[in-house]
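I am opening a notebook page on one protein chain. The entries below record what I looked up, in the order I took the topics.

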Amino acid sequence: MIDEFRRARRRKVADTVIVVDTMVDAVVGRLGNLSETGMLLMANTAMHEDALYQFRFNLNDPHGREAPIEVGAHLLWQDAAHASGQRWSGFRFITVPDEHMKQLREWIDGPGGQYE
């Protein structure tokens, strides 16, 4: 068995949060979980191994309003999902603007979160 160690707490994404590749302005999938340092994406499009991406997605702020988050991310791994044409894809964030990091932290630490 492989013991897995992560420094950042991950929050499971209960609602459908669509992720857009801003370089091509196209939906690439939905969030599975999220931390300050990365995300799990259920990709519905082909992703390139070891590539860099610029993503945008919306999270609800403490007042229930959608707040856009933009991140630069590095694809670390992919694995086939049970659904045809979909892949689980793990990303590490390489850039997150300060104001978006603040929103991200508030969402991760917010009420109602399920942590992994």
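**Entry 1. Chain overview.** What percentage of the residues in the protein chain is buried? I note first that the model is predicted. Buried residues account for 41% of the 116 residues in the protein chain. I then looked up the secondary structure and found 1 helix and 8 strands. Read from the N terminus, the order of elements is β-β-β-β-β-β-β-α-β.

**Entry 2. Strand pairing around β2.** I went through the partners of β2 (18-21). β2 runs antiparallel to strand β3 (residues 26-34), and 4 bridges join them. Ile-18 has Arg-30 as its bridge partner in β3. The two strands form a hairpin with 4 residues between them. β2 also pairs with β5, again in the antiparallel sense, over 2 bridges. On that side, Asp-21 stands opposite Phe-55 in β5.

I took a separate look at Arg-30, which is in strand β3. Its relative accessible area is 34%, so I filed Arg-30 as partly exposed. The C-alpha atoms of Arg-30 and Val-17 are separated by 5.3 Å, with the two residues 13 apart along the chain.

**Entry 3. Strand pairing around β7.** Which strands pair with β7? Strand β4 (residues 38-43) is joined to β7 by 6 bridges, and the two run antiparallel. Met-39 has Phe-91 as its bridge partner in β7. Strand β6 (residues 66-80) pairs with β7 over 8 bridges, also in the antiparallel sense. Here Asp-79 stands opposite Trp-88 in β7. β6 and β7 form a hairpin with 6 residues between them. In that turn, Gly-85 has a positive phi of about 80°.

Entry 4. Asp-25 is one of them, at about 50°. Asp-25 lies in the loop between β2 and β3, which is the turn of the hairpin recorded in Entry 2. With a relative accessible area of 59%, Asp-25 is over the 50% cut-off and therefore counts as exposed. Asp-50 also has a positive phi, of about 60°, and is not a glycine. Asp-50 lies in the loop between β4 and β5. Its relative accessibility is 56%, so Asp-50 is exposed by this cut-off.

**Entry 5. Aromatic pairs.** How many aromatic pairs does the model hold? The count comes to 3. I looked at Tyr-53 and Phe-91, whose rings are 5.8 Å apart centre to centre with 85° between the planes, an edge-to-face pair. Tyr-53 is in strand β5 (residues 52-60) and Phe-91 in strand β7 (residues 87-95), 38 residues apart, so I logged the pair as one that links distant parts of the chain. Both residues are buried.

Why is the pair of Phe-55 and Phe-91 edge-to-face? The ring centres are 5.0 Å apart and the planes stand at 90°, which is over 60 degrees, so the pair falls in that class. This pair likewise links distant parts of the chain, with Phe-55 in β5 and Phe-91 in β7, 36 residues apart. Phe-55 has a relative accessible area of 0% and is buried. Phe-91, at 4%, is buried because its value is under the 20% cut-off. I recorded Tyr-53, Phe-55 and Phe-91 as one aromatic cluster.

**Entry 6. A charge over a ring.** I then looked at Arg-11 and Trp-107. Arg-11 lies over the face of Trp-107, at 4.2 Å from the ring centre.

**Entry 7. Second largest pocket.** How much space lies in the second largest pocket? The value is about 330 Å³. I counted 17 lining residues, of which Asp-15, Thr-16, Val-17, Asn-58 and Leu-59 are the closest to the pocket centre. The elements that give two or more residues to the lining are β1 (11-12), β2 and β5. β5 gives the most, with 5 residues. By class, the lining divides into 8 nonpolar, 4 polar and 5 charged residues.

Key:
Residues are numbered from 1 along each chain as its sequence is written. This is a predicted model: local features need pLDDT of at least 70, side-chain atom pairs count only at pLDDT 80 or more; totals for chains, interfaces and linings use all residues. Side-chain values use heavy atoms; hydrogens and water are left out. Rings of Phe, Tyr and Trp (its six-membered ring) pair if their centres lie within 6.5 Å; planes under 30 degrees apart count as stacked, over 60 as edge-to-face and the rest as tilted. Buried means under 20% relative accessible area, exposed over 50%, partly exposed in between (1.4 Å probe, protein chains only). A charge sits over a ring if NZ of Lys or CZ of Arg is within 6 Å of the ring centre and within 35 degrees of the ring normal. On a 1 Å grid over the protein atoms alone, a cavity is a set of points where a 1.4 Å probe fits but cannot get out, and a pocket is an open set with protein on both sides within 12 Å along at least five of seven lines; lining residues have an atom within 4 Å of a point. Grid points are joined across faces, edges and corners, and a volume is the space filled by probe spheres set on the points. Ala, Val, Leu, Ile, Met, Phe, Trp, Tyr, Cys and Pro count as nonpolar, Asp, Glu, Lys and Arg as charged, and the others, Gly among them, as polar. Two strands pair if DSSP finds at least two bridges between them.
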